[in-house]
Amino acid sequence: IAAAAWPRSAPAQPVPDEVRLVVDYGDGTTKTISNLAWSKGNTVLDAMKAAAARAHGISFSYSGAGDTAVMTKIDDVQNQGGGNGNKNWQYWVNETYGTRSFAVFELQAHDVVSWRFTTEQGR
């Protein structure tokens, strides 16, 4: 009797270089868009554009460019502007608050970008 051949496991597949986007609308609703393609030099803005190109993705608006770009609206939720208690779009990468413009913040493979509609620095 021949020995039973053990099933061979498939060779490990390389994990694709990708990022994930999480949008928290500040009202208990959150949208996650996974498997966004990443390549060296991609910024948070590039991830947003990739998410916008997806079926059931997002829409967004911003003003300025480069170091001065500011997110003004994601889907149907627009910034409330300055002032005490007003909510605006802010981002974090891997739970670290974004201190530079999202248009110039370079991502690394497997980063998680979180946009939150919240008061100053998440308060």
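**Ground rules**

This is a predicted model, in which local features need pLDDT of at least 70 and side-chain atom pairs count only at pLDDT 80 or more, while totals for chains, interfaces and linings use all residues. Residues are numbered from 1 along each chain as its sequence is written, and side-chain values use heavy atoms, with hydrogens and water left out.

**Stop 1: the whole chain**

Show everything as a cartoon. The protein has one helix and eight strands; helices (H or I, at least four residues) and strands (E, at least two) are DSSP runs, numbered from the N terminus. Along the sequence the pattern reads β-β-α-β-β-β-β-β-β.

Of the 123 residues, 36% count as buried. Buried means under 20% relative accessible area, exposed means over 50%, and partly exposed is in between (1.4 Å probe, protein chains only).

Contacts are the next thing to display, a contact being heavy atoms within 4.5 Å. Among contacts with a separation of 6 or more, 52% are between residues 24 or more positions apart.

**Stop 2: the sheet**

Which strands form the open sheet, and in what order? Five strands form it, in the order 2-1-8-6-7, with mixed pairing. Two strands pair if DSSP finds at least two bridges between them. Strand 2 and strand 7 are the edge strands, each pairing on one side only.

Select strand 1 (18-24) and strand 2 (30-37). They run antiparallel and are joined by six bridges.

Move to strand 6 and strand 7, an antiparallel pair joined by two bridges. V93 stands opposite T96 in strand 7.

**Stop 3: the helix**

Select residues 44-52, which make up helix 1. Helix 1 lies across strand 1, strand 2, strand 6 and strand 8, and runs at about 105 degrees to strand 2. Axes are lines fitted to C-alpha atoms, for helices over the stretch in contact, and angles run from 0 to 180 degrees between N-to-C directions.

Within helix 1, pick L45. Is L45 buried or exposed? L45 counts as buried because its relative accessibility is 9%. Leaving out residues up to four places away in sequence, L45 touches F60, Y62, F102 and A103.

**Stop 4: the nonpolar core**

In soluble globular proteins, nonpolar side chains tend to be buried together. A nonpolar core here is a set of buried Ala, Val, Leu, Ile, Met, Phe, Trp, Tyr and Cys residues joined through side-chain atoms within 4.5 Å.

The largest such core has 28 residues, and L21, V44 and W115 have the most contacts inside it. Elements that each supply at least two residues include strand 4 (70-74), strand 6 (88-93) and strand 8 (112-118). Helix 1 gives the most, with five residues.

**Stop 5: a loop residue**

Select V104, in the loop between strand 7 (96-97) and strand 8. V104 counts as partly exposed, at 30% relative accessibility. Beyond its neighbours within four places in sequence, V104 is in contact with T43, G66 and D67. G41 is 63 residues away along the chain, and its C-alpha atom is separated from that of V104 by 9.3 Å.

**Stop 6: the salt bridges**

How many salt bridges are there? There are two, a salt bridge being a side-chain nitrogen of Lys or Arg within 4 Å of a carboxyl oxygen of Asp or Glu.

Select D75 and K31, whose closest N and O atoms are 3.2 Å apart. D75 lies in the loop between strand 4 and strand 5 (77-78) and K31 lies in strand 2, so the pair ties together parts 44 residues apart in sequence. K31 counts as partly exposed, at 25% relative accessibility.

Finish with R116 and E95, whose closest N and O atoms are 2.9 Å apart. R116 is in strand 8 and E95 is in the loop between strand 6 and strand 7, so this pair ties together parts 21 residues apart in sequence. R116 counts as partly exposed at 21% relative accessibility, whereas E95 is exposed, with a relative accessible area of 57%.
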